[in-house]
Structures are given as C-alpha cells and as structure tokens.
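Okay, thanks for coming, everyone. Let me put the structure up, and then we'll walk through it together.

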Amino acid sequence: MSNRSLVLQRHRHLKWRALDPVEAGLMVLCGVSIIGFTGSVFFDVVTRELGAPWLWLQQVTTGFFAWGVFIGMAAAARRNDHLYLVEITKRLTGPKRTFMESFNRLVVLGVAACMVWFGYKNALLDLGSFRMPSLIPLTWYTASVPLSGFLIALFAVEQLVNGWQNGFEGPEDTIDLAELAQ
C-alpha cells in the first residue's frame, strides 16, 4: 500500500488484507457523509435566510448525519482509533496484554451484536413510520445501525483472531503520544 492509501497501516498485524477495500470504502463514505452533511446544513441556512426554505434538506441532513456516525464507528473500529483502552493496554505485555485486549474486543463484540439485533428490530419497526414531507421510511436512516454493528463485529473478530495468532503488541506501541504531538 502506498502512503496515499485510505487504509491505515498502524496495527497492520491485526488486519486481514482482504478487508482493506472495506476500510477504504468506509473512509470514502465518511468523507461523503461529512461533505453531504455540511453542504445540506449550509443550503438549509441559505434557503431559510432567502425566505424560501427547502424543507427536504433537513431529511438529507439527518440521513448524512446518521449514516456518517455509524459508518464512522465501523471505520474507527477497523482502524483501532477508538472504542478501546489503547493507551492503557499498550503499556502492558504478555498475558496481561492479551487478556486486556481480548476483554476490550469481546465487550465491543457484545455491543456490536446488540447493535445488529436491536438495530434490525428497530429498522423493521421503522418500515411503518415515515418522514414528512417526503414520506421516506425511517428505515432509510436506522438501517445504518445494524450494518455498522455487523461491520464492527467483523472487525472485532478480525482483530481477536489476528491478535491471538500474532500477538497484540505492534511496533507502534513503542511510540509515545507526547512524541507524536511534537
């Protein structure tokens, strides 16, 4: 992978190359969501100030926000950017490190399973609810939750399997955050 890749090379030993296109796609979708959210808010404000509001823009904004948040959670889980106690666990080694890293990912896996199950149930319920004035089913917004949960679960399993096989310690663990800030 080149330096211009959307796939983060940090914690490479915890990743399967087969899922790299998924991470790259998630990063593109995050960018689209941010641009779409910002643009729709901008045009919403402009059209309201001009006295001719486009009411449907609030629905577009909600969609970009919901999908951006949940797709962003999945991308961050793959990139090991949050959801874990990284600064605490990177100071540990051996069995203590394996236990803490496994515990963290098992908790995330449990939360992801809840997102899939309850998000799916909620999306089914939302098939009968519609946003006005366009009458878009709320499922278009809430479907992001189970999809995100599935991806987070997939990435947690990926990191667990690779961590158990290769160890959770990586070369980036020797770098201190204070050094990166300088």
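This is a predicted model: local features need pLDDT of at least 70, side-chain atom pairs count only at pLDDT 80 or more; totals for chains, interfaces and linings use all residues.

Let's start with a question: is Cys 30 buried or exposed? Cys 30 is buried, because its relative accessible area is 14%, and the cut-off for buried is under 20%. Now compare Cys 114, which is partly exposed, with a relative accessible area of 41%. And while we're talking cysteines: a disulfide is a covalent bond between the sulfur atoms of two cysteines. Searching the whole structure turns up zero disulfides.

The protein chain has seven helices and two strands. If you read along the sequence, the pattern goes α-α-α-α-β-β-α-α-α. There are 182 residues in the protein chain, and 37% of them are buried.

Now let's go to helix H1, residues 20–49. H1 has 30 residues and reaches 44 Å from its first C-alpha to its last, close to the 44 Å expected at 1.5 Å a residue. Our Cys 30 is one of the buried residues of H1, and others on that list include Glu 23, Leu 26, Ser 33, Gly 36 and Ser 40. What do the buried residues of H1 pack against? They pack against H2 and helix H6, which is 144–166. After H1 comes Gly 51, with a positive phi near 85 degrees.

On to H2, residues 56–79. H2 has 24 residues and spans 34 Å from first C-alpha to last, close to the 34 Å expected at 1.5 Å a residue. Just after H2, Asn 80 also takes a positive phi, about 60 degrees.

Last stop, the inside. The largest nonpolar core has 16 residues, and the ones with the most contacts inside it are Leu 26, Ala 74, Leu 151, Ile 152 and Phe 155. H1, H2, helix H4 (94–125) and H6 each supply at least two residues of this core. Which helix gives the largest share? That's H6, with six residues. Zoom in on Leu 151 there: leaving out residues up to four places away in sequence, Leu 151 touches Val 22, Leu 26 and Ala 74.

Technical notes: Residues are numbered from 1 along each chain as its sequence is written. Side-chain values use heavy atoms; hydrogens and water are left out. Helices (H or I, at least four residues) and strands (E, at least two) are DSSP runs, numbered from the N terminus. Buried means under 20% relative accessible area, exposed over 50%, partly exposed in between (1.4 Å probe, protein chains only). A disulfide is a pair of cysteine sulfur atoms within 2.5 Å. The expected span of a helix is 1.5 Å times one less than its number of residues. Contact means heavy atoms within 4.5 Å. A nonpolar core is a set of buried Ala, Val, Leu, Ile, Met, Phe, Trp, Tyr and Cys residues joined through side-chain atoms within 4.5 Å.
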